[in-house]
Amino acid sequence: MAASPLHRASRFPSSRRGPGSSMSCRAWLFCCLAFAILCVGYLNLTYLGSAQATPVAVAPSSPSSISSPSPPSSPSSPSSPSSPSPPSSSSSSSPSSSSPSSPPSSRDNVHVVFSTDCSPFQSWQSYLVFHSAHAVSQPGRITRIVSGCEPEEEAALASWHSDHRISPDHHIHFTPRFDQVDDTGKTYSFFNKPFGVLHWLENAVGLTAAGGISDEDVMVAIIDPDMVFLAPIANDFSSNAVVSKFVVARHQATGAAFPASCTHGNPFGQQYGLGNGWQKFDLLEITGDPNSPAMGMNAQDANAFYPVGPPYIATGRDMYAIVKDWAKFVRPVNAQYPHLLGEMYAYCIAAAHNRLPHHMLDSLMVSNTDAGGEGWDFVDGRAAACAKDPALPAPNVLHHCQMYRVGEFAYHKRMVPKDVFSCSAPLLVEPPETLGEDFLYRTRGKKDGQSRPNEDLAPKDAKRNAYMVCNLISAINSAAKFFKDEHCGGDPDASYDKSWKQSLA
């Protein structure tokens, strides 16, 4: 290999005068100075040339984006002198040990992942995730993590994904099955999420020789397969549109600064109605550590920074620290609470165990039309729930895990045909734009062959249900049209008819 200018300089004759040298000290110093000037000039030209040839992603220049903000009050803060020490295995991930860092700013420095099984039910949802992300220009890579396929299922699914991939940034990652509870055949499907994400982090993102995540600064967002993008998840939480009065009040009550972006020690998450329920578990049995920071935390901090759910957002380093313990804790949590939400409580405990308080947002998601703590402020203030207006702020994702009903329209994900993204499947009947304002009722279906009386809806309830119904039907139809345009050319059975309707009439 040809030596670089610096390598050549290292072989320049020593400045110590040899026995046979006839060069004076002054001449020698003059030559050294001249050579140094030439080296500096050469290096400057080389740097300028490479800077012009290779674009460099520059982090935002605002102080809030460059400096890592102060972490919220936690058991490790000086105000809690009696708090236990953090576990040594995760001390590098605690806010107190994090060095200031710039947020991941490159478009490619974002990973969005979601965990599924191999079923057709979750396959159509996955295609909808990919298409909705593409529609809002979601930055970075999006990966479907699939757990528990049989070999022939994996081959078929991998082939289908390759043939129907919407973007080169859309990926699929296969893992073993993790849902077995014990040897009796009992299963808990939600084990697949922490173990699947851990498998992806360690095998797709990769580990260093020292055992850390290979890309510590990447931003990782974990979502669910039944989520539809309305706005991209990007590493910028500075806008007032995403910080509600409830979030501000929570941070003011605890004295915690609200950061503008996700940095080491500053993860984010959607607020869920979990409260401090995770503190009611036998934390010693779960963590196996009498000094776990999760134990003895005050209820205010436990409520303010840990009852989060998808989207979970953290740097690669922090997410890996949490997910390792999430996978470790989810089985003992299940032993104490073998129900829905158990794996979410395990995440709360893992975050607390690693002293990684989350900045909770209510703007990332809407799901339950009766719930507080979600991004319904974006909806309630609209003149028309179903009107398309890109100028209005919107939650990042719709989490369609409920039943939504208004007028004669209804939506539930289990009512959607599993072949909805195919050439022959019809499109869905689209509701009127005034669904949320002109239809202040919902049908209730039939009982014993007789139609039951309609149920009256308050204007707010009608608007929220209409927002979900209209946006979900629109997203499915948009993805179905894209599928047919891309893959059904010349197929005489290709159907664009809007004739399929979910209804309880």
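Predicted model: local features only at pLDDT ≥ 70, side-chain atom pairs only at ≥ 80, totals over all residues.
Biologist: How many salt bridges does the model contain?

Modeller: Side chains of opposite charge can pair when their charged atoms come close. A pair is counted here when a side-chain nitrogen of Lys or Arg is within 4 Å of a carboxyl oxygen of Asp or Glu. By this rule, the count of salt bridges is 10.

Biologist: Which residue forms a salt bridge with Lys193, and which helix holds that residue?

Modeller: The closest N and O atoms of Lys193 and Glu343 are 3.3 Å apart, and the two form a salt bridge. Lys193 lies in helix H6 (residues 192-205) and its partner in helix H11 (residues 342-353), so the pair ties together parts that are 150 residues apart in sequence. The partner is therefore Glu343, in helix H11.

Biologist: Which residues are linked with Lys193 in a network of salt bridges?

Modeller: Lys193 is buried, and Glu343 is buried as well. A network of salt bridges links Lys193 with Asp224 and Glu343.

Biologist: Is Lys413, which forms a salt bridge with Asp226, buried or exposed?

Modeller: In this salt bridge the closest N and O atoms are 2.7 Å apart. Asp226 has a relative accessible area of 6% and is buried. Buried means under 20%, and Lys413 has a relative accessibility of 14%, so Lys413 counts as buried.

Biologist: What is the relative accessible area of Glu408, which meets Lys501 in a salt bridge?

Modeller: The side chains of Lys501 and Glu408 meet at 3.9 Å, N to O. The two residues are 93 residues apart, and the pair links distant parts of the chain. Lys501 counts as partly exposed at 34% relative accessibility. Glu408 is also partly exposed, and its relative accessible area is 39%.

Key: Residues numbered from 1 in each chain as written. Heavy atoms only, no water. Helix = DSSP H or I, 4+ residues; strand = E, 2+ residues; numbered from the N terminus. Buried < 20%, exposed > 50% of the residue type's maximum accessible area, 1.4 Å probe, protein only.
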